[in-house]
Amino acid sequence: MNVSPRTVYHKLGLLEQVNAATSALYRELAQEILADSKVSLVWRQAIADRLNQANRCLGLKTVGENDSY
């Protein structure tokens, strides 16, 4: 799928508002952008940062306060 880095960056900001299947699709698009050396380093870094932040939030939401992983 050929989606612009700007679109992927924006979609990663919506992960909390979409269902699990859509979230997985957005994450997959982000991985494709990160693997594409033709995409500027600035965009790849911004997308990596946003994806990392989303993954941390997901981890905190998935693992309760009294749980550990």
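1. A pocket, in the sense used here, is an open set of grid points where a 1.4 Å probe fits, with protein on both sides within 12 Å along at least five of seven lines, and its lining residues have an atom within 4 Å of a point. With that in mind, the note below concerns a predicted model.

2. On the overall fold, the chain has three helices and zero strands, and read along the sequence these elements follow the pattern α-α-α. Among contacts in the chain with a separation of 6 or more, 56% are accounted for by residues 24 or more positions apart.

3. As for the surface, 23% of the 69 residues of the chain count as buried, while the accessible surface of the chain comes to about 5100 Å², with 52% of this area belonging to carbon and sulfur atoms.

4. The largest pocket holds about 240 Å³ of space. Its lining is made up of 15 residues, of which Leu 12, Leu 15, Glu 16, Ala 54 and Cys 57 are the closest to its centre. The elements that give two or more residues to this lining are H2 and helix H3, which spans 41-62, and H3 gives the most, with six residues.

Note on methods
Residues are numbered from 1 along each chain as its sequence is written. This is a predicted model: local features need pLDDT of at least 70, side-chain atom pairs count only at pLDDT 80 or more; totals for chains, interfaces and linings use all residues. Side-chain values use heavy atoms; hydrogens and water are left out. Helices (H or I, at least four residues) and strands (E, at least two) are DSSP runs, numbered from the N terminus. Buried means under 20% relative accessible area, exposed over 50%, partly exposed in between (1.4 Å probe, protein chains only). Contact means heavy atoms within 4.5 Å. Accessible areas come from the Shrake-Rupley method with a 1.4 Å probe; for residues, only the protein chains shown count as cover. On a 1 Å grid over the protein atoms alone, a cavity is a set of points where a 1.4 Å probe fits but cannot get out, and a pocket is an open set with protein on both sides within 12 Å along at least five of seven lines; lining residues have an atom within 4 Å of a point. Grid points are joined across faces, edges and corners, and a volume is the space filled by probe spheres set on the points.
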